[in-house]
Amino acid sequence: MRILVTGANGLVGSRTCHLLVEQGHEVVGLGRGERRATGSWRYVPCELTREQEVSAAFADASPEVVIHCGSMTEVDACEREPELAFAANVDATAYVARASRRAGAHLVHVSTDYVFDGEAGPYDVEALPNPRGVYSVTKHMGEQAARVLAPGCAIARTAVVYGWPPVAGRLNFGAWLLTTLEKGQPVRLFEDQFVSPSYAENVAAMVAELGVRRLGGIWHTCGAEVLSRVHFGRAFCEVFGFDVGLIVPVKLAELKLPAPRPLRSGLRVDKTRHELKARPLGLAESLTRFHADWRRTRG
Ligand SMILES: NC(=O)C1=CN([C@@H]2O[C@H](COP(=O)(O)OP(=O)(O)OC[C@H]3O[C@@H](n4cnc5c(N)ncnc54)[C@H](OP(=O)(O)O)[C@@H]3O)[C@@H](O)[C@H]2O)C=CC1
Ligand SMILES: Cc1cn([C@H]2C[C@H](O)[C@@H](COP(=O)(O)OP(=O)(O)O[C@H]3O[C@@H](C)C(=O)[C@@H](O)[C@H]3O)O2)c(=O)[nH]c1=O
């Protein structure tokens, strides 16, 4: 199949491109500016907030499937720069969705657990979002834009994605933990935020399957377990052999971060588990794979 992936320099996008190439698909990856991810897919620079550039890229690729991973993902930067966040997460999604529909391509739009307020998680796919903060609101608006402009699309929500090696740019949660703990430095982790951490390659497998099988509707494409950031950090230390005492529990509110974050935004994965071949991985298997990825890069 001819598959177009946005956000191809990013964590989920680059992993998705790799996997689709391995599966034998013809892949075009759109990214901003110069290519920063390696792999044997065709890279096309495209600023997604310019509709003409999006249209031109689609005309060139004539995709059958589109996996939209491009997004402004720094939650606090979104809070400080709402215009940029709106352009990247809402306008760009509308352009991608419109272009997908025009091309007759099936769209998979990647979204987040942060569309929920976190008062009553974990959430299933029928739960009603109630986003708080600019990142969360713009991601929710992006979901709506995709549903309206590309009917039949899939909304693939994921959460706290981590992988090794990290991509240039935003350091993912696992890579941030690893690079800090490796230096023997303590890490202050939220004891009161309960999430569904997701191994990047596993997310890629699930979103790729939604695309290739042209499945629509809402999907939770994340790790199988809901746990606190502290729990994750301690399990991480055990797998890597770091001192568990380096994990210092704190409350999310203590950090006074600019953007609000949901406290209980775990995602239920029953539908994904039953209907996709790529199953959501549990914590132990994900961390073992992350550890193996890290060892490989060390030679
Ligand atoms: N990482 C996580 O923990 C989670 C991610 N998600 C969602 O998963 C998806 C993928 O995220 P992830 O791969 O982790 O994020 P990354 O930040 O690693 O990748 C996003 C990519 O989008 C690109 N991008 C942003 N704005 C534009 C633009 N205007 N034009 C073109 N490209 C643009 C970025 O380019 P550049 O590098 O140039 O900035 C970046 O490479 C997003 O929809 C995100 O909301 C959901 C839950 C958790
Ligand atoms: C999680 C965490 C973060 N931090 C710090 C590190 C960093 O400066 C800041 C934000 O951390 P993170 O980027 O990991 O957390 P955050 O920005 O909340 O991560 C979110 O990202 C978006 C894209 C999503 O969609 C969500 O699913 C979620 O993964 O808070 C801590 O000090 N302790 C912690 O336990």
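This is a predicted model: local features need pLDDT of at least 70, side-chain atom pairs count only at pLDDT 80 or more; totals for chains, interfaces and linings use all residues.
Visitor: Which of the 15 residues around ligand 2 come nearest?
Guide: Residues are numbered from 1 along each chain as its sequence is written, while chains are lettered from A and ligands numbered from 1 in the order in which they are written. A residue is taken as near a molecule or strand when its C-beta atom, placed from the backbone, lies within 6 Å of it. Among the 15 residues around ligand 2, those that come nearest are Val 75, Thr 112, Val 160, Leu 189 and Phe 190.

Visitor: Where is Val 160 found?
Guide: Val 160 is one of the residues that come nearest to ligand 2. Its phi is near 35°, a positive value in a residue other than glycine. Val 160 sits in the loop between β6 (154–158) and β7.

Visitor: Which element gives the most residues to the shell around ligand 1?
Guide: Of the 30 residues around ligand 1, Gly 7, Gly 10, Val 12, Leu 48 and Ser 71 come nearest. Two or more residues of this shell come from each of α1 (11–22), α4 and β5 (106–112). The element that gives the most, with 3 residues, is α1.

Visitor: How many charged residues are in the shell around ligand 1?
Guide: This shell divides into 12 nonpolar and 14 polar residues, and the charged ones number 4.
Among the 30 residues that make it up, Gly 7 and Val 12 are two of those that come nearest. The count of charged residues is 4.

Visitor: At what angle do α1 and α7 pack?
Guide: Leu 11, Val 12, Arg 15, Thr 16, Leu 19 and Leu 20 in α1 meet Ala 200, Glu 201, Val 203, Ala 204, Ala 205, Val 207 and Ala 208 in α7, where contact means C-beta atoms, placed from the backbone, within 7 Å. By class, this contact has 10 nonpolar, 1 polar and 2 charged residues. The axes of α1 and helix α7 (residues 200–212) are 8 Å apart, and the angle is about 65°.

Visitor: Is α4 roughly parallel or roughly antiparallel to α5?
Guide: The axes of α4 (residues 82–103) and α5 (residues 134–149), lines fitted to C-alpha atoms over the stretch in contact with angles from 0 to 180 degrees between N-to-C directions, come within 9 Å and cross at roughly 15°. Angles under 35 degrees count as roughly parallel, over 145 as roughly antiparallel, 65 to 115 as roughly perpendicular and the rest as oblique. The crossing angle therefore makes α4, relative to α5, roughly parallel.

Visitor: How many nonpolar residues are in the contact of α4 with α5?
Guide: The residues of α4 in this contact include Pro 82, Phe 86 and Val 90, and those of α5 include Val 134, Tyr 135 and Leu 149. The contact has 4 polar and 3 charged residues, and the nonpolar number is 12.

Visitor: How far apart are the axes of α8 and α10?
Guide: Ala 235, Phe 236, Val 239 and Phe 240 of α8 touch Leu 283, Leu 287, Thr 288 and His 291 of α10. That contact has 6 nonpolar, 2 polar and no charged residues. Helices α8 (residues 229–240) and α10 (residues 283–298) pack at about 50°, with an axis distance of 10 Å.

Visitor: Which residue does a cis peptide bond join to Gly 121?
Guide: Omega of this bond is about 5°. The second residue lies in the loop between β5 and α5. The residue joined to Gly 121 is Pro 122.

Technical notes. Helices (H or I, at least four residues) and strands (E, at least two) are DSSP runs, numbered from the N terminus. Two residues are in contact if their C-beta atoms, placed from the backbone, lie within 7 Å. Ala, Val, Leu, Ile, Met, Phe, Trp, Tyr, Cys and Pro count as nonpolar, Asp, Glu, Lys and Arg as charged, and the others, Gly among them, as polar.
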